[in-house]
Amino acid sequence: MSHEALGQSKEMTVNNWVMQDASHVTDAPARVSSVGFSTMSWYKAVVPGTVLTTLVNAGVYPEPLYGENMRAIPESLNKVSYWYRTEVRVPLKRHDEHVWLHFGGVNYSAELWVNGSHIGDIRGAFRRGDFDISENVRPGKAAAIAVLVHPQPHPGTPHEHTQALGVGHNGGETALDGATFLSTIGWDWLPAVRDRDTGIWLPVTMDVKGPLLLKDTFITSELSNDLGYAALRIEFDLENMGKSNKAVKLLGTIQRGGHNINFVVPLEANKNGAKHITLTPDEVPELGIKSPDLWWPNGYGQPNLYHVELQIEQNGKISDYYATNIGIRKVEYALAGSPYLTISVNGVKVMVRGGDWGLDEAMKRIPRKRLDAEFRMHKQANLNMIRNWVGQSTSPDFYDLADRYGLMIWDEFFQPNPGDGPNVTDTATYLANVRDKVLRYRNHPSIVVWCARNEGYPPKVLDEQLKQMMAKLDPQRTYQSNSAEGRGVSSHGPYYWRSPRYYYALNEAFKTETGSVSVPTIESIQGMMPRKDWENINDDWAQHDMAAGAQRGDEYPRTLAKRYGHIRNLADFVRKAQLANYEAFRAMYEGRNAKMFTEATGVITWMSNPAHPSFVWQLYHYDLEPNSALFAVQKACEKVHIQLNESDWAIQVVNNLPTALSDLVAKVTIYRFDGSIDAVREYRIPQVDKSSVIKAAQLNVNSRITPIFFVKLELLDGQHHTLSSNFYWQNVAQDDFAALNSLPTVPIDTDSSDAVNGDRTVISVTIRNAGKVPALLVHLQLHREADHERVLPVFYSDNYVTLTPGESREITVECATADLHGSQPEIQLDGYNVAVGQSDGEPRVVLNENAQPSHWPATHIVPD
């Protein structure tokens, strides 16, 4: 369908903002918002962005998330208001058209002025502002826009993260304000952000529309039982700003894979008001989709999307335009006979395996490229859900990428645990922000759960208001009042590192929070603090969450040393921490696999994404380099998976597929500490039913096995092809792996090649254990050959791979070619007990000297 889409063709982003502390601006708002007002002393503003980001970019403060820099930035930043200002040329328009100014998000509140006139206000970080400024501007002429941004009224007093005091209390009185980035007061995963993320944090745009508007468009689908037919339902309010009734047309296009479905619907627009329109296949046959391409969660099928465009036409002119992607899917929330929350999509039970996001980035510096890399890593880790904790990561890109990657969203509103802050007092602002968020994002298929409050119930009256609102605005999705109670849902950790066997004791079916310390690579640690702090667990480490608190960061170094033996220096700390990362994060999910759809229906790790450089609660570092936890989760969350139940040593096979598996073999190989084989057993498995887990065998530990031994599991199909493999280090006495320090170093032979595919470079590396004992957690890291610096982000098909003697594995490494900066790639290799053996091909593979404990002097970073 050809169209004149004013919403696209005349929309423009408003740029070139400047900013100044309002206490330094003595002129009246009408003068500040007049064309020609001098801003010579103002800062070039970052929009979208925050006050602190603008000041950092201007050189006023150093990078706040590096080292302990945030401590020196004053709390006064959250006590004053700020003027933002720009001038823009107004687009041309027809006589009956209107010029609109749109604000995607401002924290916390704003007074808006255009050409000397006050045009309106916004209150709450998650509410849009749409303003008709036609009477205030002249088409084709310059217009001045000034925004007086106020911080939240209750910024609170943060607790500093120190070794002496730990990470302190979470939250505080900031919760009174509700609809804001309440985590920025400081939490046990984030030091206080001094401006509390005050600012214009989402883009500002301007466009031209006619007198007829499409508002609050809502598109849902109803699937037939056989999934072969989808009935779309389109609802919207048709608003007529004119003084007479008008006969109009709705022009619609549904696009999928180059195929368009077009329809035209005549409508009547009432004068000076809005009319609610509902369209179904009964009125518009084209809304019935035969053999639809369904939207599936990650791992269960493709997250297919349809693109829908709607236009209102009157007398051959397009007045308004709306476009969105939708996903056709059916979500159900219960199984017959079970009281537990259980997600099914398109009739298939989905074992929820997800990650909590506390905040996408501490200072809301989250360009789409960065966010895309993070979502891609979640997809690669075989996760299928992200929990948007307290709604702190609410942005259009967040939901769009979730749709595209098939990552379901457990989405929350703006209230923390009652113990972390009081009830919201400005309920009108809170409810307005909730309502606008739901209206804005409800067309996204990725959203499957709306939740009101973290680890607590909203006040009863507010909860009832929310239930009524959600039943009206989005009746197909479930509404959960409390993230930690109801229908088998619970939270409350534990959040500290534990031995794997403890993850198998379950007290709840759907676990929304449980976590572990997750130490990054040595390069990531070196990049987040000055060298003077590398070998000294001090307040700099505390600033990055390695301190007393729910994560027990003060205990972790000693726990690590007790389990894996004396720690020589930072490199040794990191080397051993990767073993601990892998053990804990694999068990976190395998413990739930063990009782899938009987006692367990979901588990979400606290956390998968770090908001700032941290030692804890993450699958990858703030710099986007994954640690071993990501690959442990990737392993545990395979759709077809073999695992060792580390609480009772049963061999289990997990089938997440919607079809049964048959004619399988579970192969178990037990290695002594010296790498020799103690036993090989094969167990035939006639069938594993769909969406189920079975016990295939029992591992019997006998006296012939050395105290530390190794278990390799392989699941084979009828042709002896490997469907899944897994590897464990075990101890008859449990919890004492200090003897791993005496494992011989083994050479890893490599063969590599690379190719440029469009704007991506893909490297293939085959690694082979040429030694006589297992090579633990072989780690590849992509660098530039010219300067030996890391390339980030990088996507590894697998990493931290353990190889038995003679075993080989092919790993693909992908990056943006531009990130190589014209250099040849270089693969650096490290691991627990590895060296580089024979290396063939290009790019070259070299030992990562920086990661070797022997490369650095002994500092005894963790006292014996």
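## Two histidines with positive phi

His-492 sits in the loop that runs between β29 (489–490) and β30 (510–514). This is a predicted model, and in it the phi of His-492 is near 65°, a positive value in a residue other than glycine. With a relative accessible area of 49%, His-492 is partly exposed.

His-720 is another one to look at: its phi is positive, about 65°, although it is not a glycine. You will find His-720 in the loop between β37 (708–716) and β38. Its relative accessibility is 44%, so His-720 counts as partly exposed.

## Cis peptide bonds

Val-47 and Pro-48 are joined by a cis peptide bond, with omega about 5°. Pro-48 belongs to the loop between β3 (43–44) and α3 (51–57).

A cis peptide bond also links Asn-107 to Tyr-108, again with omega at about 5°. Here the loop in question lies between β6 (106–107) and β7 (109–114), and Tyr-108 is in it.

## The largest cavity

Searching the whole structure turns up 6 cavities of 30 Å³ or more. The largest has a volume of about 180 Å³. It is lined by 16 residues, and those closest to its centre are Tyr-582, Lys-635, Phe-727, Thr-802 and Arg-809.

If you are curious about where the lining comes from, α11 (570–593), β38 (722–731) and β43 (801–803) each supply at least two residues. The most come from β38, which gives 4 residues. Sorted by class, the lining holds 6 nonpolar, 4 polar and 6 charged residues.

## An enclosed helix

Helix α12 (residues 628–636) has 9 of its 9 residues buried, so it is largely enclosed by the rest of the structure. Among these buried residues are Leu-630, Phe-631, Val-633 and Gln-634. Lys-635 is also on that buried list, and it is one of the residues closest to the centre of the largest cavity.

What do the buried residues of α12 pack against? Their partners are α4 (368–380), α11, β32 (640–644), β38 and β42 (795–796).

## A buried glutamate

Glu-313 is part of strand β19 (residues 306–314). It is buried yet has no salt bridge. The nearest side chain of opposite charge belongs to Lys-249, 4.2 Å away.

Setting aside neighbours within four places in sequence, Glu-313 is in contact with Val-248, Lys-249, Leu-251 and Ile-318.

Note on methods
Residues are numbered from 1 along each chain as its sequence is written. This is a predicted model: local features need pLDDT of at least 70, side-chain atom pairs count only at pLDDT 80 or more; totals for chains, interfaces and linings use all residues. Side-chain values use heavy atoms; hydrogens and water are left out. On a 1 Å grid over the protein atoms alone, a cavity is a set of points where a 1.4 Å probe fits but cannot get out, and a pocket is an open set with protein on both sides within 12 Å along at least five of seven lines; lining residues have an atom within 4 Å of a point. Grid points are joined across faces, edges and corners, and a volume is the space filled by probe spheres set on the points. Ala, Val, Leu, Ile, Met, Phe, Trp, Tyr, Cys and Pro count as nonpolar, Asp, Glu, Lys and Arg as charged, and the others, Gly among them, as polar. Buried means under 20% relative accessible area, exposed over 50%, partly exposed in between (1.4 Å probe, protein chains only). Lys and Arg count as positive and Asp and Glu as negative; His and the chain ends are not counted. A salt bridge is a side-chain nitrogen of Lys or Arg within 4 Å of a carboxyl oxygen of Asp or Glu. Contact means heavy atoms within 4.5 Å.
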